[in-house]
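Subject: Structure for you to look through

Hello,

I am handing over a structure that I would like you to read alongside this message. Please open it first and keep it beside you while you go through the notes below.

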Amino acid sequence: MVETFSYFLPPTCHIYNLYGPTETTITATYHPANIMDHNQNSIPIGRPFPNYQCHIVDNFQQIVAMGQTGELFISGHCIFQGYLNRPDLTEQVTSASLSDTYGGKYCYHTGDLCRMDKQGIIHFIGRKDFQVKIRGQRLEIGEIEQIIFNSSLHITNCIIMKYEEEYLLAYVEIMENIHDETMIKDYCQKHLPKYMIPSFFILMKKFPLNQNGKVDRKQLPKPDLIQLLSIKERQQEYMKPETDIEKCLYQIYLEALSLPADSKLNMNANFIELGGTSLSIMKVLSLIRQRLYCQMDVTLLFSNSSIYQLSKIMESLILEQQQSSSTNKQINLNEIPEKKKHKHPSPSLILETLGIILLIYHYFMSIYASTKLISYIGLFSSSYVFFIILYYVIMIPCIQLYSYLIWKHLLFPWGMKTGAQEFYSWTYYRWWFLNQLWKLNSQWLYCLLGTPIYNIYLRLCGSRIGRNVHIYTTLIDAPDLVDIKDSIFIGYDVIFNSLMFEHTSVVLKKIKIESNCSIGCCSVLYNGVQMDTHVLVRSMSSVTGNIPSKTIIDGTNYVQQQDKIDDMEGKMNLNLYKYCYQIMSIFGVICLHSVSIYIPYLIYNSTILFLLPYWVSLPLCWMSYLSVCITITLFSIKYIVGIRISSGQYALNSWYILHCVWLRHLLVSNFGHSFQRLFDTFHPIYSHLLRWLGVKIDDQINMDIKIADFSLFLYYPSNLLTINNQLTTFSQVRFVPYDVNCYGQCYVDQIYIGSQSTFGNNSTIHPGSNVPSLTMIGAMTRLNSSTKLIVNNQEQSLIVFGIPAQQMPFRFTSIVDADKNISNAIIYRPSIRTVLWPLFVGFIIVSMSLICWSIAQNNLLLSFICFMFMYSFVLCFIHCLFVKYPKLKEILWLQRLNYYLLFNYYQCIGQFISGTQWFVFMLRGLRAKIGRDVIITDTCNIPDPQLTVINDYVKIGYGAVIQVSSDVLIFFNELMNHYFFCCVANF
């Protein structure tokens, strides 16, 4: 409330928290509210007014020590004289004054429990008459009520009551937009011990009041334990017990909870969530030992307290016991029948074709709608070309992003539901269509990464996103199943995989992340993640299942943190000025996009290109567009962002990180794609560009740096990168600009790369990495400041592999001679042909587009569908020629033509047909040997189709790469033996 008022009051206005019963003339204490102090769960009631005196006493009316809890007595001149005609009641709440300093005959007993800190400030704890004892623990009802109040701004009142000597019952008065207690319970689990969390929550729109306007506790609805359990059950998917062990455990739980036999329990809920106590848990243990397994250990019961988990454990224990001693069986269970052979469902080619057509329509509908709108307004004029381009650059992404919301609410009006679904069912195809729409819109979402605008859009898509969340990934296959709490950092290209393939079904599971967590780049969250608070996930780690609080996940290793961890909120929240800075930066990038289109338009109209045919002029305009994008990227990084960045630790919400790192990422993610489209892989110009940007590069040789994905280098601060001679990086080698810890601090440091170093596919380099000379980094390897590499022999190379990186015991002895051969093979002299290749491929693509346009009689949708078939036929024809005439593979220019055509096909058409049988048909045409019922969800799954064999019933998820060769091996087969270690690790 104080924080809300602060937005509407001037800075000179002060807010005070006043406290006092009516018997002390309304107010007795005051405290100035400090809205900047985020560490306080509640505002103190402060110090007494003049002529008042406050005492905190125990049950014997003795003043307690500083910091201890006791009842608050108030004395002074303003104490009332007593209740009218009720001397008996007056005597109960008053006593002789404990001090004569401020006069007054009486001390008033407030009945409020308080404590006084060392500064003399009084803190309110709760009501004395609301103390209860549950399961041997004495609880302060006021503390629990305060936590529930803090869980949501939509809670107007809360009452905690004891129920049947074993349970805590919470009555919560709410507004209309809260429908269940999940959010409240999750908040309580983070801020209260387990024994203080209410067993049940009853949500009410209005509490009954008595004649004095206070809550009438006697009129509150009497709880029904059976009904409460059924309400909780309806909020989660009901699973009926199937096996004999599950049925037996189900019956034991009902008896321990004193529930009727027809009650429905959640198989996945733990015993405490079902209302269990420590005594009832011991009853469960006793019944299990009597009926199922006499050697049952109590630790197994506590660690696997749900029926489903416990049944799996019990099944293995009983099976072991039966195998060891068939004569001493604890229970006669029916043998579990053999699993029937599942009949694999078949994909629906009709639904997939219809979905592809709708995706194409969605993509071009935004252009059509924008054109209709601007023509209706009447702004088509040659003098407003730049503003017309700016209009299209703004409207097309907005329409496409909004259309996703429309489709989402049409296909899943009540949201996605967790659980198993059959392959190729209606639910599966609805998910596939939405996932394809999301991937199509990802190019627009790059402008919003790391901003509150992206969080708002995710909320509109069904995600539950808290405050102060920084998300830098678009790889989310089901936004509706993502639940992220407050103060969380999610790094670049983190994969949220809610859909899992299991036999003949697909399973949708929720991904839930509690507050104050940090997830490093390229990590994978899959198969239902329940992450507790203060979890640190290092980059390239795989996360699944329940993750306890204060855990460090490093690859597949889980380590508990011992240090005390502060909340990240103070270092992650962005104020209004930083919001405005992000919005202005995004609008600036939109204007730069308009400029990159407007300049080729001017070139087209003011030069001879206007007279050339379209199949010649359009590729030339495309080349000029790429050149402008590259110029914008380089000059913006050097002169707007700046190349001087200092090492050290910075808060994530600092201006330094916002300007030097976030803005750099915004520019590179929007324009960096131009480098790969215009220049060849390992182009020698890359070393010159890095040196111009401020990267420290050895001056001995100028063209010995071989980089496959140049744009990934641009994310890292230039002056913090040192590169020596003969560096070779293959595809998707990422340099992470900073690491974020659980304190909300960013760690920025230098990276040193020694001479003759090689980085395999998909490796990740973090700040503080020091790579010695003659080092070979394997694919899927992560290096950071803690990676220690020992060099014993200058003539032998180091082999580093793993997550985290580990030095291998074997070495390459002839690394120097091998690097000479590599340099001779990879380094080629720069010529005009290296730039003309994209132009030549553009001629081919535009020519096919114009042919299809004329065939479809100027219908945009039909012409694009025709273009898809023609493009696919051309690629398949080239691969058939390679099979029939193997000597054609030795022609370098034909190999390059095939590479560029395939790359543009994946970028242009693959995003529409991925995950369907049409994409499988296309890969078969590219000479891939693929069996029946195969799902390939992304075009990046199989970069080398001609060398890939996949059998029946295989499902390849997003992010998986079956890579037999790297980019350089396509052109230089003689390097296969030397780089085999780096390349095959992706599989």
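C461 counts as buried, at 1% relative accessibility, where buried means under 20% relative accessible area, exposed means over 50% and partly exposed lies in between (1.4 Å probe, protein chains only). This cysteine lies in the loop between α13 (452–460) and β15 (464–465), and the helices (H or I, at least four residues) and strands (E, at least two) are DSSP runs, numbered from the N terminus. Leaving aside neighbours within four places in sequence, C461 is in contact (heavy atoms within 4.5 Å) with Y404, L405, K408, W438, P479 and D480. One of these, P479, is 18 residues from C461 in sequence and 6.3 Å from C461 in space, C-alpha to C-alpha.

Before going further, please keep in mind that this is a predicted model, in which local features need pLDDT of at least 70 and side-chain atom pairs count only at pLDDT 80 or more, while totals for chains, interfaces and linings use all residues. Residues are numbered from 1 along each chain as its sequence is written, and side-chain values use heavy atoms, with hydrogens and water left out.

Now to the chain as a whole. The protein chain holds 25 helices and 48 strands, and buried residues make up 52% of its 987 residues. Among contacts between residues at least 6 apart in sequence, 55% join residues at least 24 apart. The chain exposes about 47700 Å², of which carbon and sulfur atoms supply 57%; accessible areas come from the Shrake-Rupley method with a 1.4 Å probe, and for residues only the protein chains shown count as cover.

V385 is in helix α11 (residues 385–411) and is buried, with a relative accessible area of 11%. Not counting residues up to four places away in sequence, V385 touches Y598 and Y601.

Which residues of helix α23 (residues 917–925) are buried? They are Q917, F919, V920, M922, L923 and G925, and what covers them includes α10 (349–377), α21 (860–884), α22 (892–913), β45 (929–930) and β46 (935–936). F919 also belongs to an aromatic cluster that it forms with Y363, F364, F864, F867, Y871, Y905, Y906 and F912.

A pair of aromatic rings is described by the distance of the centres and the angle of the planes. Rings of Phe, Tyr and Trp (its six-membered ring) pair if their centres lie within 6.5 Å, and planes under 30 degrees apart count as stacked, over 60 as edge-to-face and the rest as tilted. By this rule the count comes to 49 aromatic pairs. In one of them, the rings of Y650 and Y656 have their centres 4.4 Å apart and their planes at 15°, so the pair is stacked. Y650 counts as buried, at 18% relative accessibility, whereas Y656 counts as partly exposed, at 27%.

Rings also meet charges here, and a charge sits over a ring if NZ of Lys or CZ of Arg is within 6 Å of the ring centre and within 35 degrees of the ring normal. R430 lies over the face of F412, at 4.4 Å from the ring centre, and the charged end of R734 sits over the ring of Y715, 5.8 Å from its centre.

Finally, some notes on the backbone. Most residues other than glycine have a negative phi, and most peptide bonds are trans. N516, although not a glycine, has a positive phi of about 60°; N516 lies in the loop between β22 (511–513) and β23 (517–519) and is buried, with a relative accessible area of 8%. N762 likewise has a positive phi of about 60° without being a glycine, and its place is in the loop between β38 (758–759) and β39 (764–765). Just after α23, R927 takes a positive phi of about 75°. A cis peptide bond, with omega about 0°, joins I803 and P804, and P804 is found in the loop between β43 (798–801) and β44 (806–807).

Best wishes
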